[in-house]
Amino acid sequence: MTPQFVIQALLIALGSGFLGALLGLGGGVIMVPLLVFVLGLPIHIAAGASIVAVVATSSASASVYMRAEVTNMRLGMFLALATTLGAVTGAGLVAGASEAALKTVFGATLLYASGVMWHQMRSTRRSWVPMPNDHVAKRLRLGSSYFDAARGEEINYGVSRSLPAFVITYLAGVESGLLGIGGGGINMSAMNAVSSVPMKAAVATSNFMIGVTAATSALFYIRHGFVDSFVTAPVVLGTLIGSLIGARVALRVRGVVIKRVFIVVLLVLGLRMITSGVGLL
Amino acid sequence: MSLRRMELFVSRLLRLGVLVCGVTMALGLGLLWWSGDTSSPFGVLSVEWVLWGDPFLQPSHVLFLGFLILVATPVMRVVASVTTYVSEGDWVYAAITGTVLTILVAGMFLG
């Protein structure tokens, strides 16, 4: 453990947190591979540091969403049932998983995420279509409303296809526990694309969910000694600073350019992870 | 307590948690610089070490306490929700949030 190591870890986290915040994500997907390849850390330790950082960014940004009153707590709690169960599943698998297996799964996840983002960019932007509550959502009163300051009106929305969304967010939880990432991207698309929840509500609700999910995984990682103090401290500090700067800059930069950069970064890191996982390089 | 007041209270609690964690981490890294002790425990941790450290106040243990405070913040948020739903007599959601809390804590004792 040297000062250079601490500073390098801090810088990697700062960059990932910054880039993640620009896209409304936690940045764990970039941070874990960078910690593995640049600092040569075992993937278990990199994931342990990342999962604690995910908790930090979620809690730090929660107050912003809570003040705006867009977080749908009922929907968040309902889906948190799925994500925390998933996190326990994933974290249970991580203790027995080999370095090579984790790298390969991580790499495949990165390639998939990069493909999904590329596809989203190419497809024409559909506006949000309001849908009524399905029968589960009706019983659990999952639909909600919020005041949209940009449009100056109250937005009412229902939650459709709540069971498919439940299953998808369970998988997001597994991924979070297994790889030490937040899984916010999956949560958001499950709520927005599957259940037709407006994006603003989906982002805020996902922020709540990843905090609870990551805390579940983090407790397991801590107990199993995958949270190394000297790696995790600079990573948490760096991510917090990076995401704070990123959130500010996000309002002023064009999303398309960042998204393109992000897709390429995910692709490169994903391929590198897989080649390293299967022992090619 | 109303839902709205509870949310504001929790939002303050979350920020406080992050702040305390940040301060603890700065302290721990400072202690590391000063003492040069970089020993870090590996393997399954005992509850005693997590609570008291051995020796107490070694840098890795101080940093560790910071992480625990941080990880406790979302847990507090769920606890607050359980309390609110119970006080409102909303038993369905009291059960849902109670289950989430159980899974959250149970994860620590798995494996």
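**Entry 1: a tyrosine in chain B.** I began with Tyr85(B), which touches Asp90(B), Tyr93(B), Ala94(B) and Thr97(B), leaving out residues up to four places away in sequence. Contact here means that C-beta atoms, placed from the backbone, lie within 7 Å. Before going on, I noted that this is a predicted model, where local features need pLDDT of at least 70 and side-chain atom pairs count only at pLDDT 80 or more, while totals for chains, interfaces and linings use all residues. Residues are numbered from 1 along each chain as its sequence is written, and chains are lettered from A and ligands numbered from 1 in the order in which they are written.

I placed Tyr85(B) in helix H3 (residues 59-88) of chain B. Helices (H or I, at least four residues) and strands (E, at least two) are DSSP runs, numbered from the N terminus. Is Tyr85(B) buried or exposed? Tyr85(B) counts as buried because 22 other C-beta atoms lie within 10 Å. The scale I used calls a residue buried at 20 or more other C-beta atoms within 10 Å of its own, exposed at 12 or fewer, and partly exposed in between, with C-beta atoms placed from the backbone. I also checked Thr97(B): it is twelve residues from Tyr85(B) in sequence and 8.4 Å away in space, C-alpha to C-alpha.

**Entry 2: chain B as a whole.** I counted four helices and zero strands in chain B, so the order from the N terminus on is written α-α-α-α. Chain B has 111 residues, of which 36% count as buried. I then took its contacts between residues at least 6 apart in sequence, and 63% of them join residues at least 24 apart.

**Entry 3: where the chains meet.** I found 45 residues of chain A in contact with 41 residues of chain B. On the chain A side, helices H3 (43-68), H4 (73-96), H9 (199-223) and H10 (229-250) each supply at least two residues. Which helix gives the largest share of that side? It is H4(A), with 13 residues. By class, the chain A side has 30 nonpolar, eleven polar and four charged residues. For these classes, Ala, Val, Leu, Ile, Met, Phe, Trp, Tyr, Cys and Pro count as nonpolar, Asp, Glu, Lys and Arg as charged, and the others, Gly among them, as polar.

The axes of H9(A) and helix H4 (residues 91-106) of chain B come within 7 Å and cross at roughly 35°. Axes are lines fitted to C-alpha atoms, for helices over the stretch in contact, and angles run from 0 to 180 degrees between N-to-C directions. Val212(A), Ala215(A) and Thr216(A) of H9(A) make the contact with Val100(B), Ile103(B) and Leu104(B) of H4(B).

Entry 4: Strands S1 (residues 144-148) and S2 (residues 153-157) of chain A run antiparallel and are joined by five bridges; pairing takes at least two bridges found by DSSP. Phe147(A) stands opposite Glu154(A) in S2(A). Four residues separate S1(A) from S2(A) in this hairpin, and Gly152(A) in the turn has a positive phi of about 70°.

Entry 5: Most residues other than glycine have a negative phi. I noted Arg161(A), with a positive phi near 45°, in the loop between S2 and helix H7 (162-179) of chain A. Arg161(A) is partly exposed because 17 other C-beta atoms lie within 10 Å. Ser196(A), with a positive phi of about 50°, lies in the loop between helix H8 (184-194) and H9 of chain A. Ser196(A) is partly exposed too, with 19 other C-beta atoms within 10 Å.

Note on methods. Contact = placed C-beta atoms within 7 Å.
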